Amino acid sequence: MEKFKIEVTKKNGDKQTVTVYLDDTTAQLLKQTGDEKLLDAYLQEEYKDSRKARQDAYWNQSLEEDYENGIDYADEHDYSDYSFDDMEDERLQAAIKQLTPRQQEILRLIYIEGRTQDDVAKILHRSQPSINGNLQTIYKRIKEFLEKN
């Protein structure tokens, strides 16, 4: 791997020097052309692609995966006024209590506060597909609990 330093311009206009790595063959071929503009354009695109890949990996990581890896996010909201305790269906109430706090938070945001999946994604700093996937897991866990009990 060969290391290159390039200057990139952020969305706010600030400039930043970043490191981009290219495999030896690609680096050698680009250097052989002798075209500095081509090399710079290629490095800029490689940087953009790697940044997008990192973002996609982060935004699509499920909350459960974070939780399983020992990562839990500080809850900045107080949901003490919102409880599932006043539900009439005790079985459903018990099913919800067996969910993780984060899963219960998603349910509260959607079903008690009436927020959309997009809103929940913004609040929890995740993508909407990630929240949708979490909801599918929540529904599955509730269904399994209700079928057993």
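**Inside and outside of the chain**

Analyst: Start with the largest nonpolar core, which has 14 residues. The residues with the most contacts inside this core are Leu-99, Ile-106, Leu-107, Val-120, Leu-135, Ile-138 and Ile-142. Keep in mind that this is a predicted model.

User: Which helices supply at least two residues of this core each?

Analyst: Helix H4 (90-97), helix H5 (101-112), helix H6 (117-124) and H7 each do.

User: What does Ile-142 touch?

Analyst: Leaving out residues up to four places away in sequence, Ile-142 touches Leu-92, Ala-95, Ile-96, Gln-98, Leu-99 and Leu-107. Another core, of eleven residues, lies apart from the largest one. Val-8, Val-20, Leu-39 and Tyr-47 are among the residues of that other core.

User: Ok, step back. How many helices and strands are there in the protein chain?

Analyst: The protein chain has seven helices and two strands. Read from the N terminus, the order of elements is β-β-α-α-α-α-α-α-α.

User: And how much of the chain is buried?

Analyst: The chain has 149 residues, and 30% of them count as buried. Its accessible surface is about 10300 Å², with 48% of that belonging to carbon and sulfur atoms. As for contacts between residues at least 6 apart in sequence, 52% join residues at least 24 apart.

User: Back to H4. Which of its residues are buried?

Analyst: Gln-93, Ala-95 and Ile-96 are the buried residues of H4. They sit on the same side of H4, because they cover an arc of only 160° around the axis.

User: What covers them, and what is on the face turned away?

Analyst: The cover over the buried residues of H4 includes H5 and H7. On the face turned away from the buried side, H4 carries the exposed residues Glu-90 and Lys-97.

User: What about H5, how many of its residues are buried?

Analyst: Nine of its twelve residues are buried, so H5 is largely enclosed by the rest of the structure. The buried residues of H5 are Arg-102, Gln-103, Gln-104, Glu-105, Ile-106, Leu-107, Arg-108, Leu-109 and Ile-110.

User: Where is His-125, then?

Analyst: His-125 is in the loop between H6 and H7. With a relative accessible area of 47%, His-125 is partly exposed.

User: New topic. How many salt bridges does the structure hold?

Analyst: The structure holds five salt bridges. One of them joins Glu-2 and Lys-31, with the closest N and O atoms 2.1 Å apart. This pair links distant parts of the chain: Glu-2 is in strand E1 (residues 2-9) and Lys-31 is in helix H1 (residues 24-33), 29 residues apart. Lys-31 is partly exposed, at a relative accessible area of 41%.

User: Which one is in H2?

Analyst: Glu-45 forms a salt bridge with Lys-48, and the closest N and O atoms are 3.5 Å apart. The two are three residues apart in helix H2 (residues 36-59), so about one helical turn separates Glu-45 and Lys-48. Glu-45 counts as partly exposed at 41% relative accessibility, and Lys-48 counts as partly exposed at 48%.

User: What about Lys-143 and Glu-147, how far apart are the closest N and O atoms?

Analyst: In that salt bridge the closest N and O atoms are 4.0 Å apart. Lys-143 and Glu-147 both lie in helix H7, four residues apart, which is about one turn of the helix.

User: Are those two buried or exposed?

Analyst: Lys-143 counts as exposed at 53% relative accessibility, and Glu-147 is exposed with a relative accessible area of 59%.

User: Last one. Which residues form a nonpolar patch on the surface?

Analyst: Tyr-111, Ile-112 and Tyr-139 form such a patch, with about 290 Å² of accessible area together. Tyr-139 is in helix H7 (residues 128-148). Its relative accessible area is 34%, so Tyr-139 is partly exposed.

Definitions and conventions. Residues numbered from 1 in each chain as written. Predicted model: local features only at pLDDT ≥ 70, side-chain atom pairs only at ≥ 80, totals over all residues. Heavy atoms only, no water. Patch = residues over 30% accessible without salt bridge, like charges linked within 9 Å, V, L, I, M, F, W, Y side chains within 5 Å. Areas by Shrake-Rupley, 256 points an atom, 1.4 Å probe, with all protein chains shown as cover. Salt bridge = Lys/Arg side-chain N within 4 Å of Asp/Glu carboxyl O. Buried < 20%, exposed > 50% of the residue type's maximum accessible area, 1.4 Å probe, protein only. Core = buried A, V, L, I, M, F, W, Y, C linked by side-chain atoms within 4.5 Å. Contact = heavy atoms within 4.5 Å. Arc of directions from axis to C-beta.
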